[in-house]
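Subject: Structure for you, plus some notes

Hi,

Here is the structure I promised to pass on. Have a look at it first, then read my notes below.

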2 protein chains.
Amino acid sequence: MNNFDFQNPTKILFGKGQIEKLSNEIPEGAKVLLLFGGGSIKKNGIYEQVSKALSNFDVIEFGGIPANPEYEVLMEALDIIKAEKITFLLAVGGGSVIDGAKFLSAAALYDGDEPWDILTKNKRTIKGMPFGTVLTLPATGSEMNSGAVITRKETKEKFGMGGPGLFPQFSILDPEVVKSIPQRQLANGLADSFTHVLEQYMTYSVEATLQDRFAESILQTIIEVAPAIIKDPSDYKAASNFMWSCTMALNGLIQKGVPSDWAVHAMGHELTALFGIDHARTLAVITPSHYKYNFEAKKEKLAQYAERVWNITEGSTDDKAYAAIEKTTEFFHSLGIETKLSDYTKEYEGTAEEIAKRFTDRGWLGLGEHQSLSPDKVEKIVKMAY
Amino acid sequence: MNNFDFQNPTKILFGKGQIEKLSNEIPEGAKVLLLFGGGSIKKNGIYEQVSKALSNFDVIEFGGIPANPEYEVLMEALDIIKAEKITFLLAVGGGSVIDGAKFLSAAALYDGDEPWDILTKNKRTIKGMPFGTVLTLPATGSEMNSGAVITRKETKEKFGMGGPGLFPQFSILDPEVVKSIPQRQLANGLADSFTHVLEQYMTYSVEATLQDRFAESILQTIIEVAPAIIKDPSDYKAASNFMWSCTMALNGLIQKGVPSDWAVHAMGHELTALFGIDHARTLAVITPSHYKYNFEAKKEKLAQYAERVWNITEGSTDDKAYAAIEKTTEFFHSLGIETKLSDYTKEYEGTAEEIAKRFTDRGWLGLGEHQSLSPDKVEKIVKMAY
């Protein structure tokens, strides 16, 4: 096991009816900016519940934060924060809205000239404006971690940011929201959280037995609940395990003491930036090719995953590892998610070269757990995913 | 899954050489009371490492906190805290020293007349004196939770206490300490952490799939590393997984959203209070009888545990459940831990009645996940454990 530091101060309020407790969690006298997305919260009853719970606070609303939260839109919200002397941010939505709130938390207290530098110059946020979340879409895990991903539309770029000051003070997770989520988003959430676990698990062994088993627990749970979620999102057993699995998949716990990969995300982000493909679907496109290309480096762990998660006990290590990649691909298909870039766009020619060039230009010369995936290898992986 | 709130702000610094970072974690200018136990830290090199790391602080030492931390001894430390205007407590030791620090953290800021009331009148601590820990004995999980158990020798009583103000600010976990721990303590740590998981898992299903799998992950890991720990405690793979498993077994995570039992601990505490039997060994005495007595209520979960943790796939639910109890008993024996009260004392007659009477006197009329274990049932379970 590798050395690690771990701290996660976010308070989770999980279960039916927890939105009622919102007012206990926001500092008295706070001036609140309520952030949300495309307005689905006005259709599913969440907006009413949140508004009722906030009745004792001075609240300004800012809706319209898009999927893949955009810098340009967030800068409008930043102007409001400054003009209205906002003291607390409340994100009501999925990962995009929460990530947007994290950017605003950082930018509101940033003392540099240009908030875009937070993203391009890796400015870690030690102290941000306090914020909480009401999660309406289980997927990204952003509700219990300190990272965010922000998109700049004009340059088709997508960058990560983070820092210990960006943990939500609280997050409210009511699994009853799951029943109002469209199928496409449910499938995305299942694929996204599943891939989050894989990125932290499908590397090489450092003899971290407990972390491996925790990762396998989340994978097994997602596989178990996925058909029920797709069939009937009002199934509370499935919805609650789905929601808690998404949070545990990316709250820091399973990545502590082990190497992590994240090359799938790095490549996937470019596909979203270039083609607007849903984040989760880009992961499903890249994952099988990535594992096939890096088969030798990952096959021991792939075989362990085959045995423990997919109950594949026959055959050699190579056989099991290969079968695990097939099972993973089939899992994405079972969610209605395609796994080839050509399933999403006919304009895929040149994509691999473009992504490789972007990584070269940014100096991203070695991705993955061994920092060995150079841009020429990235090019090959993306091509395999056509 | 049941509703839950979860927050655990303790910062963990895990791995080789982490004690060096101690000075970064204590507030500048703090006046530190260094708490430790019987002096083993002066033999295993921990004392030197801690002293070196504290060289920039004003430190007063208080050693001699016994196993099952005693109120009388702790009250001496409380006098020092007040007389010397201590501002930060540093517990260097196992669960007893850490629990002692928690009592002192609470008592130092307690505004009542008699600190004993914190224990007997269930006074929850919202804000305590800040403290950190350097863990020298993996077992209790106290390094990452907000609970403590304190003993009063004169009355042979043992009580729990806690509250959100009693999380350590930080805990340093260096698995290299494991190699200096005597065999008896290693065995106790393995049995203690194993039983902690069982208390939160061996109840009834609330369809909390992820929590079940996490609990099973810890049990599997402890079973896997136990022989290696007993054979060679300098095996870093085993030591690190053992240490992190003990922490994860009782940091709150696996008990969220599920019912928990804790009747084994309630009965076990009395055996320690009455006979001075090591805490972990009292759990090994009570556990098999408790599961046999409550077989009908627990057999579904016992059978799941049999299948997933012990790979017992043949037979009926009853067969598997019974086999799981046998496997658990054998596991304790494999650690050199006996599972009958008569293995520890010849004066066991009347113990069951005495414990039942104590529970009646305290108004503890229904223990366990169904609050259905009345004192007459407790009497029967303890008798089965003779």
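Before the notes, one definition: two residues are in contact if their C-beta atoms, placed from the backbone, lie within 7 Å. Helices (H or I, at least four residues) and strands (E, at least two) are DSSP runs, numbered from the N terminus.

This is a predicted model, where local features need pLDDT of at least 70 and side-chain atom pairs count only at pLDDT 80 or more, while totals for chains, interfaces and linings use all residues. Residues are numbered from 1 along each chain as its sequence is written, and chains are lettered from A and ligands numbered from 1 in the order in which they are written.

Let's start with helix H2 of chain A, residues 46-53. Its buried residues (20 or more other C-beta atoms within 10 Å of their own; 12 or fewer is exposed, and in between is partly exposed) are Ile46(A), Tyr47(A), Gln49(A), Val50(A) and Ala53(A). They sit on the same side of H2(A), because they cover an arc of only 165° around the axis; the arc is that of the directions from the helix axis to the C-beta atoms. Glu48(A) and Lys52(A), on the other side of H2(A), are exposed. What do the buried residues of H2(A) pack against? Their partners are helix H1 (22-25), strand S4 (88-93) and strand S5 (131-135) of chain A.

Next, helix pairs. Two packed helices are described by the angle between their axes and the distance between the axes. Here axes are lines fitted to C-alpha atoms, for helices over the stretch in contact, and angles run from 0 to 180 degrees between N-to-C directions. Under 35 degrees counts as roughly parallel, over 145 as roughly antiparallel, 65 to 115 as roughly perpendicular and the rest as oblique.

- Helix H3 (residues 71-83) and helix H4 (residues 95-108) of chain B pack at about 50°, with their axes 10 Å apart. H3(B) and H4(B) are therefore oblique to each other. Leu74(B), Ala77(B), Leu78(B) and Ile81(B) in H3(B) meet Gly100(B), Phe103(B), Leu104(B), Ala107(B) and Ala108(B) in H4(B).
- Helix H11 (residues 295-310) and helix H12 (residues 317-334) of chain B have axes that come within 7 Å and cross at roughly 75°. That makes H11(B) roughly perpendicular to H12(B). Among the residues in the contact are Phe295(B) and Trp310(B) of H11(B), and Thr317(B) and Ile325(B) of H12(B).

What about the two chains together? Their contact takes 33 residues from chain A and 32 residues from chain B. On the side of chain A that touches chain B, H7(A) gives the largest share, 10 residues.

Trp262(A) has a positive phi of about 70° although it is not a glycine, and is found in the loop between H8 and helix H9 (263-275) of chain A. Trp262(A) is partly exposed, with 17 other C-beta atoms within 10 Å. Gln371(B), also not a glycine, has a positive phi of about 50° and lies in the loop between H13 and H14 of chain B. Gln371(B) counts as exposed, with 12 C-beta neighbours inside 10 Å.

Cheers
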